[in-house]
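Subject: Handover of a structure

Hello,

Here is the structure I promised to pass on. Please open it first, then read my notes below.

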Amino acid sequence: ESQLSFYIAQLIRGDFGTSSIFKQPVAKLLRDGIGPSLSLSVPIFLVGLVTAIILSLICAFYRNQFIDRFLVILSVALMSINYLIYIVAGQYILAFKQGLFPVWGYESIQHLVLPVCIGVVSGLGGNIRFYRTIMLDELYKDYVRTARAKGVAKTRILFVHVLKNAMIPIITNVVIAIPFLYTGNLLLENFFGIPGLGYLGINAILSSDVDVVRALVLIAALLFVFANLLTDICYAAVDPRVKLK
């Protein structure tokens with residue numbers, strides 16, 4: 001009990017302890033790592049989300065046609081490739097052999113282009129399939145048939161009515177990913193030498209740096225609770241049937 005109260009008092013003061021490896025305050029290490037992590041994870045998150053929703057809408061618009069089947073097959077292929085294959089192939093072929101991107105480091109925006117592209121492509125297959133399923137479920141509901149009977153254009157039905165009513169599962173999928181943004185991407189940060197929180201966390205685990213690991217887990221837990229609260233608020237904002245009480 002005394003240890004718990006002592007730790008809570010530390011947290012209130014913003015003191016997360018001292019790293020046993022770096023011999024620096026953990027709070028300083030977190031402040032130094034949050035920028036690189038967010039500069040990697042936020043572009044991956046936003047670009048991946050927008051691209052997946054657009055492609056899933058295209059699949060729904062052209063369902064059972066060539067472009068829909070092609071994107072579904074492509075999605076399955078992307079999901080079937082191991083994440084490490086994307087990283088190793090990208091580094092070896094595009095960075096090392098072709099010299100299109102830096103292999104290692106965090107000196108400029110150019111150093112982030114390849115890891116961001118790898119992050120987007122690696123998660124695209126699963127997201128397209130998930131959002132496509134949502135869109136197709138909405139397309140077969142009564143309000144869509146009513147809109148068609150009234151002569152509403154197919155594009156308006158899809159991009160206005162269907163997309164709006166599909167926001168609940170989309171918000172759920174999106175908000176759940178928010179707590180993990182602050183740690184960036186563990187493998188990408190380690191393979192590309194990006195000094196973010198993911199890089200810090202892996203080294204802390206390997207070095208048994210307890211204070212750093214404890215701080216990262218605590219922040220992740222708090223962000224997860226906040227994300228769940230934000231999800232409920234967003235539900236009420238996009239769906240009038242949901243009320244906050």
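A residue counts as buried when its relative accessible area is under 20%. By that cut-off, buried residues make up 37% of the 245 residues in the chain. Please keep in mind that this is a predicted model.

**Overall layout**

The chain has eleven helices and zero strands. The C-alpha trace spans about 70 × 55 × 25 Å along its principal axes.

Now the contacts. Take those in the chain with a separation of 6 or more: 72% of them join residues 24 or more positions apart.

**Surface and charge**

The chain exposes about 14,100 Å². Carbon and sulfur atoms supply 68% of that area. There are 20 positive and 13 negative charges in the chain. Their mean positions lie 13 Å apart.

**The cores**

Which residues touch the most other members of the largest nonpolar core? They are Tyr131 and Ile170, in a core of 37 residues. Helix 5 gives the most, with twelve residues.

Look at Ile170 next. Leaving out residues up to four places away in sequence, Ile170 touches Ile53, Tyr131, Ile134, Met135 and Leu163.

There is also a second, separate core. This one has twelve residues, including Val26, Leu29, Val212 and Leu216. As background, nonpolar side chains tend to be buried together in soluble globular proteins.

Ser75 lies in helix 3, which covers residues 66-80. Is Ser75 buried or exposed? Its relative accessible area is 1%, so Ser75 is buried. What does the side chain of Ser75 have beside it? A polar atom of that side chain lies 2.7 Å from the backbone oxygen of Leu71. Ser75 also touches Gly125, Ile128 and Arg129, again not counting residues up to four places away in sequence.

**Where to start**

I would begin with Ile170 and its contact to Tyr131. Then turn to Ser75 and its contact to Arg129.

Best wishes

Key. Residues are numbered from 1 along each chain as its sequence is written. This is a predicted model: local features need pLDDT of at least 70, side-chain atom pairs count only at pLDDT 80 or more; totals for chains, interfaces and linings use all residues. Side-chain values use heavy atoms; hydrogens and water are left out. Helices (H or I, at least four residues) and strands (E, at least two) are DSSP runs, numbered from the N terminus. Buried means under 20% relative accessible area, exposed over 50%, partly exposed in between (1.4 Å probe, protein chains only). Contact means heavy atoms within 4.5 Å. Accessible areas come from the Shrake-Rupley method with a 1.4 Å probe; for residues, only the protein chains shown count as cover. Lys and Arg count as positive and Asp and Glu as negative; His and the chain ends are not counted. The place of a charge is taken as NZ of Lys, CZ of Arg, CG of Asp or CD of Glu. A nonpolar core is a set of buried Ala, Val, Leu, Ile, Met, Phe, Trp, Tyr and Cys residues joined through side-chain atoms within 4.5 Å. A polar contact is a pair of N or O atoms within 3.5 Å; within protein, one must be able to donate a hydrogen and the other to accept it, and residues adjacent in sequence count only if both atoms are side-chain atoms.
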